[in-house]
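Here is my note on the model, in numbered points. Please read it with the structure open.

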Amino acid sequence: MKKLFALMLTLIMALSLVACGGGEAADDGAADDGAADGAKVVVFWYDESDVYLSSVRDALNKEFASLGITPDNQFAANNQTTQLDQINTAIAGGADILVVNQVTSGASDTAEDIIAAAGDIPVIFFNRAIGTDGSDITVLNANSTIAFIGTDAPAAGHMQGKMIGDYVVANYDAIDLNGDGSISYAMMKGDEANVEAIYRTQFGVEDANAVLTAAGKPALVYFDAANTDCYQVDQAGAWSAAAAKEYMDTNFVSYNEASGNMIELVICNNDGMAEGVVASLQEKGYNVEGGHTVPVFGVDATDNAKALIAEGAMTGTIKQDAQGMAAAVSQTVKAVVDGAAPVDALAGLNDARFSLNADCATMLYVAYAPYTGE
Amino acid sequence: MEQNVLLKMEGITKTFPGVKALDGVSLEVQRGTVHALMGENGAGKSTLMKCLFGMYVKDGGHIYLEGKEINFKNSKEALDNGVAMVHQELNQALKRSVMDNIWLGRYPTIGGIAVNEKKMYNDTMAVFEELGIKVDPHRIMSTMPVSQRQMVEIAKAVSYNSKVIVFDEPTSSLTEEEVEHLFEIINMLRDRGVGIIYISHKMAEIKRISDYITVMRDGQWVATERAEDLEMNDIIRLMVGRELTNQFPPKTNTPGEVYLQVEGITGMYNQLRDVTFDARRGEIVGLAGLDASGRTESLESIFGIRTRKEGKITLGGKPCLNRHARESIKNGFALLTEERRATGIFGVLDIKENTVISSLKRHKRFGIYLSEKSQREDTQRYIDAMRTKTPSQETKIRSLSGGNQQKVIIGRWLLTDPEVLLLDEPTRGIDVGAKYEIYQLILDLANKGKTVLMVSSEMPELLGVCDRIVVMSGGRVAGEVDAATTTQEEIMTLAAKYV
Amino acid sequence: MTNPVANLQRTAAEYKKMDQKDQKRFWSDMILNNALYILMAIFVIYTAIKEPSFRTLGSLANLLTQVAAYLPLALGIAGCIVLTGTDLSAGRVVGLTAAVAGVFMQKSDFANKMFTSIPEVSGGWIAATLLIVVLIGAAIGLVNGFFVAKFSLHPFIVTLSTQLITYGIILWFFALNGNNGQPISGLSREYKDFVGGAMFRLGGVAVPRYVLYAALLTALMWFIWNKTTFGKNMFAVGSNAEAAKVSGVNVFMTTMLVHTLAGAMYGYAGFIEGVRAGSVAASTGLNAECDAIAACVIGGVSFVGGTGKISGIILGVFVLRIIFVALTMLGVDSSSLYIIKGAIILCACALDMRKYLVKK
């Protein structure tokens, strides 16, 4: 009996390996079709569960399919070393082009390591920045086999800040719940170390204040005077709704309407966190029909966020263009695979959604757009 | 007669690696009788019962209950069929209440979901009243003395309407009064037609309570007789199978000067009080007493693994602090513990590792490296010296028989070059042949001038091996006797002194 | 070590004596006991046929490099498992020590250098930094060991606590000196060369120096486990702590030392990790202990306690890395990779456990 059981275990183990072999057979066949174009395209994602990147991946897979390319998607579970192991393995496995969504955003050293490992193999970085304060441009200008497709990291922050400023100026008294003449806000940061999070956290407030000051209104005030950081961060670095909701729930205990110090505005680094904040507010009777609406702003324009905006539970978001990102990446990859240098591939893209960095011809930005409802 | 047979075990055989634990044993229990099962430790009584309850799978033989062949897979199934056991070591959920324990696994429920506490309470009280037990069903098991917990176990057996109840050494931790109560209950059960198997070492009890006696020896059935037809000497003769004198090697050691002095040991967390005695070079001193009389605690206090509040240990005139095992070993002490499996062997490690663990510094080279060669030599030397039966040094110790495990551990201690050996039940769970070898070993050590302190629950063993016996009672020394001239009665009287 | 030839001869002799039923049992036992390795061999052959690039020298170099990177952590954590414990703090300790090493090893002309007062990187400074991070790791291990040994707390609880505390320290560390949580970049060339510099090339793929270091560490650990009093005591405590105490083993010290040694290994792993990732972020080392524990249990370091071999740990790491490399090359998506990994750990341990169940 025991032995029978043990045999079954062995069988399960064998099956799990064979199962992957089977799945592989299908993949392999498809890859062979792709190989007609002579290309083995491997895409490295920092994590499989990121909402925005999932929509990019969806779009990208479709774009690649229409170009006759079958990409091999690899996920690093938010671990840079895992990603490097995957990259090295892919290189050993004969990849023709690496499309990298770098885990440690803003680390130019890591990008350089990847480029060095790749040697002559072209590398297209996308979405997550490969350097801060111009170090990304240095890296890009020093290597002819690479390119970066992303968003201008500060741009989302600037755009969000302006949107918030405009909205607050127009609705000042309605927002000022306790009527003390100043508006207290909360800020939800997605990841302590992510450059985009850092820019959004900074400019989301700075630019809003600039608009307010220009209109002769007092600047926003962070709700908790004791917190000199002026933000609350998802400690797991996951930009998660759960973390934002927990913070908001905790904030409510001491900051609420009854004690006259209610948070009157919430700025979030992404829509996921904004969703968490809205959920928390709704539990307390805000942002629902007939209740007061605390304006909540996010970034990404995910489907959920759009729905919330349509309901009136959320106020605005910044649209990260997943389709545009996918189009830019797929077309660049296709051009490079067909023999173009990355710089020419980018130059060949003809689309109003894209713009090249002024100082770097291999850095392409996909535009953001404010979104406050259709 | 035949229709009166309740339980019939026929030709039961069970083999363990290296040991034939049961060899065609048969046993018949009749309705409304108490059937005593006797034999030395390792005679196979417990194994036979474990086969009955399905804890061991028997290799051969048949078991019939009321004429129907049965083959229980576990004790739960046995219970459901009316065969219960009151264990020597109680298996109870100590953190739960009395009634939880009685109804465990078959809680009365309301609608199949919620436990019906009220019914459980009432049913428990009904059983208790019937048996004359005065225990609150809500009481937590761990707060009660062992005797009461045993009563609960009996009540549980009764609550299953058991036809056969096995009592395994039920009186070992009971006071005289409690024993009387237990016997009343047993008599009552007998009158109701329950068949009782009673396992005990205590002759007087057996003579009092039982109707039939079956004696086992070395895993074999020896005799079944009516109790009134057997005298105590007959039983001993049947159990031992030879004259008592042949059971022990001839005593050849001659005690020298006083070497170990133990003065006024009082335990911090146990009942030891003012334990004082001494032992000579080349002397074997026995520690006798009932269970929980403080024998084991004395040895462990001397060895420093139990905290002493007061007391002095002197070895050859030199005071020894013995604050922990390491210090005691350094001072020349060695302790063979009572619970071989729990505190003696390293089950998953091999013979070699088990042998050398206490004497690693013998093998150290260059201050750090342990020589493989010298470890192997030491191990082999003691395998040979003790005639340990093992396929190789790499054999895992848990696959050896109890006697061979014990030899390995004794070897471990001899390698530390001890002057004083503290042996706690050195022959427990070892078959008769191996016991003789262990006795010989103890005598040889004494002959070499070592001092041996030996705890044993087997009176004949103490009388046969020791020079002097210190009798303990209630945590104190009740007296000292000369092993050559004393009697079991004298020792028993002393053992009861402070109970 | 016993003579393998003699062992084989003995087994063969015993085999001849068996009857047919026992011979059948012998083979089925043999297959079950080695099921994992047999399957891995089949899997490797399959992958090699299916994916020609898998059987190149470069691929071997890549595999070796990865094994060398994951081995130190597994070697450290294995001691804790031998004591029937575990260590959940390993990954975070790697994160912290990687961060410290990273800060000490930043280029002096790097614009975002966290502490400008830290000297220029030299050979001596690299050695000092290695020593410092190993000591930091050992110190955290010492704390783990102390609480486990002194208060008889389960290592699960103790190391869960130190994991959180260490992460707190990491976040605090990353916010120092206006760094604001940014990854630590600008690692000096000397440091990178010392750790990751190519020793030689296999099939065009560089084999970094830390492969050599991993080999040396493995030899050191083998020595400690098999040839020292401490090693013997560790197995004794893991097998039966009570018996070990009675036998004169210093259980407290042994437990402390095992955890301290483990911590020192994490410190070394952290020293390597920064160079491997190219930069250090607050999330560096996250969940690294999971792979290490998995490698140990696959390699037969059992939670039963008192059992395990260095060779088993190496095999365990190899198994995990082979699965990773092969499945990556075959282009299997990572959701199935997780499922396969989980299934293999579960089955390997269940089969391993067969050896410890008492047969009745």
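1. In chain B, 67% of the contacts with a separation of 6 or more join residues 24 or more positions apart. Two residues are in contact if their C-beta atoms, placed from the backbone, lie within 7 Å.

2. The model is predicted: local features need pLDDT of at least 70, side-chain atom pairs count only at pLDDT 80 or more, and totals for chains, interfaces and linings use all residues. Residues are numbered from 1 along each chain as its sequence is written, while chains are lettered from A and ligands numbered from 1 in the order in which they are written.

3. Chain B holds 17 helices and 24 strands. These are DSSP runs, numbered from the N terminus: helices are H or I with at least four residues, strands E with at least two.

4. How much of chain B is buried? Buried residues are 45% of its 499 residues. A residue is buried if 20 or more other C-beta atoms, placed from the backbone, lie within 10 Å of its own.

5. The C-alpha atoms of chain B fill a box of roughly 70 × 50 × 45 Å along the principal axes.

6. Now chain A. Its domain assignment, automatic or from a database, gives domain 1 (33-150 + 321-369) and domain 2 (154-319). The centres of the two domains of chain A, taken over C-alpha atoms, are 32 Å apart.

7. Nine residues of domain 1 of chain A are in contact with 11 residues of domain 2 of chain A. On the domain 1 side that touches domain 2, helix H2 (51-66) and strand E14 (368-371) of chain A each supply at least two residues.

Technical notes:
Buried ≥ 20, exposed ≤ 12 C-beta atoms within 10 Å, placed from the backbone.
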